[in-house]
Amino acid sequence: MAADSRTARGLRRVPQTTPPERERQREGGSEKKPRRRRTRLKYQLFSLGQGLDMPLFVFIMVLLAVGLVMLFSASYADSYFRQNDSYYYIKRQAFFAVAGVVAMLLISTFDYHQFHKLVLPIAGITIAMLLAVVLFGRILKIDEIAPPEGVARRWLAIGPIQFQPSEIAKFTIILIFAHMISINAGKMQTFRHGVVPFLGVLALFGVLIFLEHHMSGTLIVLLIGGAMMFVGGTQPRWFVLGISVLAVGLVCYLLFGGSYQIDRVVGWLDPFNAPADVDTYQTRQSLYAIGSGGFLGLGLGQSRQKYLYLPAPQNDFIFAIICEELGMVGAMAIMVLFGVLIWRSMYVSLKAKDRFGMMLGLGITFQVGIQAVLNICVVTNTIPNTGISLPFFSAGGTALMMLLGEMGILLNISRSANVEKT
Amino acid sequence: MPKGFAERMRSKAIGLTAALIIGGFGAATASLFHWQIVRGEEMRTAAMDQSLRSTTLPAMRGSIYDATGTKVLAQSADVWTVVLEPFFVAGDENLRRTIASGLAPILDLDEEELYEKTGKKDSYYEVIKRKIETDTRDAVNQFLVDNEIDSGIRLIDDYKRYYPYGRVASNILGFTGMDGNGLEGLELYYDDELSGTPGRMVSARNGWNLDMPFEKEQMIPAEDGNDLVLTIDETVQSILKKYLAEGIEKYQVKNGGVAIMMDVNTGGILGLSTSPDYDPNDPFTVLDERLLAEIEELPEDEQDEAYSAALNRQWRNKAVADTYIPGSVFKMCVGSMGLEEGLIEETSMWTCTGGVHFDGMKDDISCWKHEGHGATTFREGLCNSCNPWFMHIGDLLGAETFAKYREAFGFTEKTSIDLPGESNSIYHSVDGLGPVELACEAFGQNFTITPVQMITASCAIANGGNLVRPHVVDRVVDQEGNIVKTADTTYRRQVISAETAATITDILKQNAESGSGSGGYVMGYRVCGKTGTSEKVDKHNEDPTQPMEYIVSYCGFAPAEDPQYALLVFFDEPDGDACGINPGGNAMAGPIFSKIMEEVLPYLGVDAQYTQEEYDQLDLVSPSVVGKTLEEAYSQLESMGLTYSVIGDESDLDIVVTQQIPESGASVPKGGKVVLYTEGYDENGIYVQVPDLTGFDLANASYVATINGLQVSVKGASVDGSMVTLQSIAPGEEVKLGTVITLTFAENINTDGHVELDE
């Protein structure tokens, strides 16, 4: 294909030297131009002996590096006052970043086809953990095992290790759907195969995460699942139907959910004149931060709003601090970075040599894309506040480890992706 | 994988991803444009507003200087306010206890109360002590360093007012309140000038109201207040204060007193001392012993109220805020009116029969001299302070003309002196001035004015007829030394002609030398003066069982040939029984007037010019003969016309004098004696007790002094009939033989009419 040869520079063939047994894949095209040989040598430095997609890898590392810098800038004031240590968040995040990059590189050498076999165990473990959160958090209310966070219970603590099963669930959904779509490839158009099982899985995960009072997690799982079904071949009419049902439900919810829900919408539309019972403090502080940045920003580290005005600036609202310090220019640069990463990972996924790899990669792509878009839209008050973290930026060990792990899978997919593949 | 199917998947994935990126980030970019660019300024301002805190920076209050420009009467110095920030310490029990137990003794606070305050965990600002001074601040800082406390206690700059001369000018200066605003006196009247403009410090604070680490503070510096340079001269003021206090004590004055000295030409007040007074450094303490004694006598439940009443009384400027009956001092004005209108001349005659009868009155209004002065000229009448003479002038003037001049002399309006709380005078309107009222006002009775009004009117006579505005502040100077404002002499109006003024001046000079005002006579200084003894008739009428109370005053100016300085001294309710002197302006206020003039005039550069008679009375300066042989001493003393006596061994003319009384440099009367001490005198035998000479005439006083081995130096007019009112050494004190006692003589006659009005 013409399009394939145009972008072949970035795609790797399996090198002829020291191919691991597991990764023994079919060789690509037979041309051996001198130019390609040079580039291959260069990429070997990064490739752990394999050919991973260098642009994708570079985009990941750049976003991660920028994310760490901005996390430090956004968090040090708040963590100084609340944790008595300016470096509290950056130390943790840097640790998880390093561990995550190591994990990513390791996973990138792990043949993703193995996940076919691991679907059931992973699904089982994930469901078990989600159940555990619900059981210990909602039913038994044991704070030691399922520490509360506001009204939500999303954490599971096993000894000193704390993590969010819902973060794992996002990947699990991707994995299950990629698996199901790849084995149902021919029957996706049917209701029985293309809708029912998927809805069943989505319902199970959705309800479990919903029971954690983790709305954003539920929403993201539904969106990722929906997107994968759409690409995987489920008939568009079911989406029209589903979206219609959801829209009617939403309207009913707003109309009959009482004036509080209307107030929330009003508060979102005009956060500076919100009804008294709608707390728009975080949104207002976020907009103060964004507005303070102007076109060029106050400069790195110069945010005022991170000084205990904007709540949790290292988490969901880190993008507001980016807007304040780097201005509209910096914010758009970050969005461009996300855009090229998402586009590249989609591209790599589409080049996967089989449908499972493609769907797995696309699922991961959608996850990153949906989270980044939703987070930035929330912070800029484009959509109502839902509490979604920004990939690569927001503080959070589980999310970062999972993200980098997923990036490892994408990189692994890139190793075996083939431009000549049809 | 079927190709068509894969293609569809591919295009769906690309479409979905593109929609997500373009739609999502596009919408976000639109939002960013809205919030960062369109409403960016609004957001920026709102963010600034919530993070900026503005602190007021106190302006340094201007200083107050005396007329010399070198003596600082009031100034502000740095102090600090200790602020506790409980938020930072509330959680630490040990720290709370450390702070409470450590700071309580340093700041003189109750430890438990302080401990309670440290527990207010929601508070960032608790003032625990105001206006601590440098040493206390150092102690606090040391405590913080020693205990490694770096947050929770803050010291904030402030200023405190100091009055280096203490009580000397308290009633002029006033004082300031806790927040530095003027509450009394010049501090109040010139508060706007002195206080300056406070600055502001705008600093960025984080969400917990703490300083942002890197934000620059924006300072609008405070504009310090302007300085005042007064017409008050600290030396003059101190002299006034000293002698006023002496009079208050000597005459057992119950209701305080006033001494004002004024430049007759400019209206500048050189000194203004009132009693009771206070220490402006500590205005809330009653210092006057008489007031304190009065409070003590009250039942306990009334003492608090009485104490605050006493505070108010001691803060009052009696010279401005209180009115008094001027009495016969006012006659200088009435005489001027008569002369000015041409109704009388210096030589006009009138016969005093001892009283004047008015229709409808049971008793005559009498002269102080009940048998009458007989036929006298106007000059004699003023020197005699003859009441009927002045009732006669009042009659000649008529109510309307009298009222016109009364107004012209400024008795019916405020002088607009630059001190707060000036009181209005109380007098009969033209319509209310019936023959009796007119007669009484004509000799100074039955109306009240402020002391400042009286001295201002006397200045008009002294300076050739111009009524000037009295003032205390000479100029206002900013911190760069530029003059912001000057108090130029303000001539309010010409009241009387220069000729009239000169005539009255000349009569008053005679009056002070040999008339009823001789108590104010100052040797060598040609003073002009008029006495006043007014009866507090109203008070007496209210409670006739109490004896009549008097106001004794003396008002005059000097030197007669070119008057420069006017002085008014008055005592409110002296206790004649207790001090052994009949209440009278001449006997009581006169000597104080004399002493002040005698000390102040040389300081102000007015030279003494002695008449031959006065020169003869002048004391000599005792020579130094200690260390000389008796022979040398004898010849030296003889050459000066002094006598001598020897105590101790005088067997040989070569014996050396070891001591002399009066000592070298002290004054000794002409023809007086110097007592020489030589080796071997009896230490115990040479001391004598000073006798009480008050009330003695010159001959008797000299005799008693001499038999006690003391010598007498005479001050004041020792005219016939005058007697000792003040003596330089208090009775009962032990002094060495030969010591010179200065006696101040004054005529002791109540020269004012006893008026019993039949209302």
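This is a predicted model: local features need pLDDT of at least 70, side-chain atom pairs count only at pLDDT 80 or more; totals for chains, interfaces and linings use all residues.
Which residue in β21(B) stands opposite Y554(B)? Residues are numbered from 1 along each chain as its sequence is written, with chains lettered from A and ligands numbered from 1 in the order in which they are written.

Let's look at the sheet in chain B. It is open, with five strands in the order β10-β9-β21-β20-β19 and antiparallel pairing. Strands here are DSSP runs of E, at least two residues, and helices are runs of H or I, at least four, numbered from the N terminus; two strands pair if DSSP finds at least two bridges between them. At the edges sit β10 (269-275) and β19 (528-535) of chain B, each pairing on one side only.

Now for our opening residue. Strands β20 (residues 550-558) and β21 (residues 565-572) of chain B pair in the antiparallel sense over eight bridges. The residue opposite Y554(B) is V569(B).

Helix α17 (residues 451-462) of chain B touches β9 (257-263), β20 and β21 of chain B. Helix α21 (residues 585-603) of chain B touches β9, β19, β20 and β21 of chain B.

What about the inside? The largest nonpolar core has 159 residues, and I260(B) and I596(B) have the most contacts inside it. Such a core is a set of buried Ala, Val, Leu, Ile, Met, Phe, Trp, Tyr and Cys residues joined through C-beta atoms within 7 Å, where buried means that 20 or more other C-beta atoms lie within 10 Å of a residue's own. Helix α15 (residues 387-408) of chain B gives this core its largest share, 10 residues. Beyond its neighbours within four places in sequence, I596(B) is in contact (C-beta atoms, placed from the backbone, within 7 Å) with residues including L567(B) and our V569(B).

Over to chain A, which has 15 helices and two strands. Buried residues make up 49% of its 422 residues. Here the axes (lines fitted to C-alpha atoms over the stretch in contact) of α3 (residues 54-83) and α13 (residues 318-350) of chain A come within 10 Å and cross at roughly 160°. Angles over 145 degrees count as roughly antiparallel, so α3(A) is roughly antiparallel to α13(A). Among the residues where they meet are F59(A) and L63(A) in α3(A), and I322(A) and L341(A) in α13(A).

Methods:
A residue is buried if 20 or more other C-beta atoms lie within 10 Å of its own, exposed if 12 or fewer, and partly exposed in between; C-beta atoms are placed from the backbone. Two residues are in contact if their C-beta atoms, placed from the backbone, lie within 7 Å. Axes are lines fitted to C-alpha atoms, for helices over the stretch in contact, and angles run from 0 to 180 degrees between N-to-C directions. Angles under 35 degrees count as roughly parallel, over 145 as roughly antiparallel, 65 to 115 as roughly perpendicular and the rest as oblique.
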